[in-house]
Amino acid sequence: MFSFAYPHYLLLLLLVPLFVVLYVWARYIRKKNLLKFGKLASIKELMPDVSPYKPPLKITLEMCALALVIICFARPWGGIKDQKTEKEGIEVIIAVDASNSMLASATASPDGPERMRTAKLMLEKLINRFDNDRVGLIVYAGSAYTLIPVTNDYVSAKMFLNSIDPSQIAEQGTNIAAAIDMASASYSDDKNIGKALVLITDAEELDDREGVMDAARAAAKSGVQVDVIGVGSTTGVTIPDNGSVMIDPETGEPVRTALNEEYAAEIAKAGKGIYVNAVNKDALNELDKQLDTLKKAKFESSTYALHDELFPIFGWLALAFLILDVFILDRKIGWLDKITFFKKETK
């Protein structure tokens, strides 16, 4: 099957007959002007080097080259076929804490990098390590919602990841139990594929700690490994708020937030996973090794594979026509004029 990536460019082929009409009109005007000076037979003798055949040949070559270049822009394909491939991997859902505390510094210094920015950078690196695995994305604060379902479209996953902004979340809190429950219901039904939930949080101000532990244990029982990435410092820091700091309306004091590493580790233990701190330089490697312990399964994906691109063929042909056009001059070929193909009989 022969097709084009940009078929609308083929409309430019209308330029070819347009230029041909203009050329014919120009030749007609030229002939008309020459007739003002006398008969054509007499005028031709005054222009012995002018060839009557080369201009039509040159315009033919030029129009062919133009047509081929336009076809190149339309990007011709040799056809499309349905190609099925088998991949082997796991399913990983990433649950990102989007509470206001994630706007605070990831270090003990209030001027340190934002926790959310640290989380995004680490998770983007994690997604880059995925090969045939499927990945999903959940955002949670006071409640949880799916940002992107389980997919192997890593580009979209990273794009949605970078769009997370805690300041745009109306219902605040740190409802990890809701995130775990939502993730558990989001995996495929295939029990042969290893499943993991990567929770990234500061594990502070949990609305229902016992409920979180129950949710983690239930996830592990259903075959979902719960790994936790802690973000932030164990030293309390203030939360920025429109150029100032967030104030507790009850006490009037600045709100301070700190990473609760102990509880984050307990969640990971209940979920039969591991806990890592995002500031640890080996955190990503440790998490990667933990995910590698999961059972990989084969799953079939169907993609459309294009045949070879054909535009180089048309490009080379266009170049050949243009080179040939350059070497063909408008005047007659001198040595060819000396050859007589037909001789008159002399009596």
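1. R129 is partly exposed, at a relative accessible area of 37%. Here buried means under 20%, exposed over 50%, and partly exposed in between (1.4 Å probe, protein chains only). The model is predicted: local features need pLDDT of at least 70 and side-chain atom pairs pLDDT 80 or more, while totals for chains, interfaces and linings use all residues. Residues are numbered from 1 along each chain as its sequence is written, and side-chain values use heavy atoms, without hydrogens or water.

2. R129 has a salt-bridge partner, D288, with N to O at 3.2 Å. D288 sits in helix α9 (residues 283-292) and R129 in helix α4 (residues 115-129), so the bridge ties together parts 159 residues apart in sequence. A salt bridge needs a side-chain nitrogen of Lys or Arg within 4 Å of a carboxyl oxygen of Asp or Glu. Helices (H or I, at least four residues) and strands (E, at least two) are DSSP runs, numbered from the N terminus.

3. How many salt bridges does the structure hold? There are seven. One of them pairs E91 with R134, whose closest N and O atoms are 3.3 Å apart. This pair links distant parts of the chain: E91 belongs to strand β4 (residues 91-97) and R134 to strand β5 (residues 134-140), 43 residues apart. Is E91 buried or exposed? E91 counts as buried, because its relative accessibility is 0%. R134 is partly exposed, at 21%.

4. K296 and D292 form another salt bridge, with the closest N and O atoms 3.6 Å apart. Both ends are partly exposed: K296 has a relative accessible area of 34%, and D292 has 48%.

5. Salt bridges also link E210, D214 and R217 in a network.

6. Now the helix pair. Helix α1 (residues 15-34) packs with helix α3 (residues 54-73) at about 165°, the axes lying 10 Å apart. Axes are lines fitted to C-alpha atoms over the stretch in contact, and angles run from 0 to 180 degrees between N-to-C directions. The two helices are therefore roughly antiparallel, a term for angles over 145 degrees. The crossing of α1 past α3 is right-handed, that is, the near helix is turned clockwise from the far one by less than a right angle.

7. Which residues make this contact? From α1 come L15, V16, F19, V20, Y23 and R27; from α3 come P55, P56, I59, M63, L66 and A67. Contact means heavy atoms within 4.5 Å. The contact residues divide into 11 nonpolar, no polar and one charged. Nonpolar covers Ala, Val, Leu, Ile, Met, Phe, Trp, Tyr, Cys and Pro; charged covers Asp, Glu, Lys and Arg; the others, Gly among them, are polar.

Note on methods:
Angles under 35 degrees count as roughly parallel, over 145 as roughly antiparallel, 65 to 115 as roughly perpendicular and the rest as oblique.
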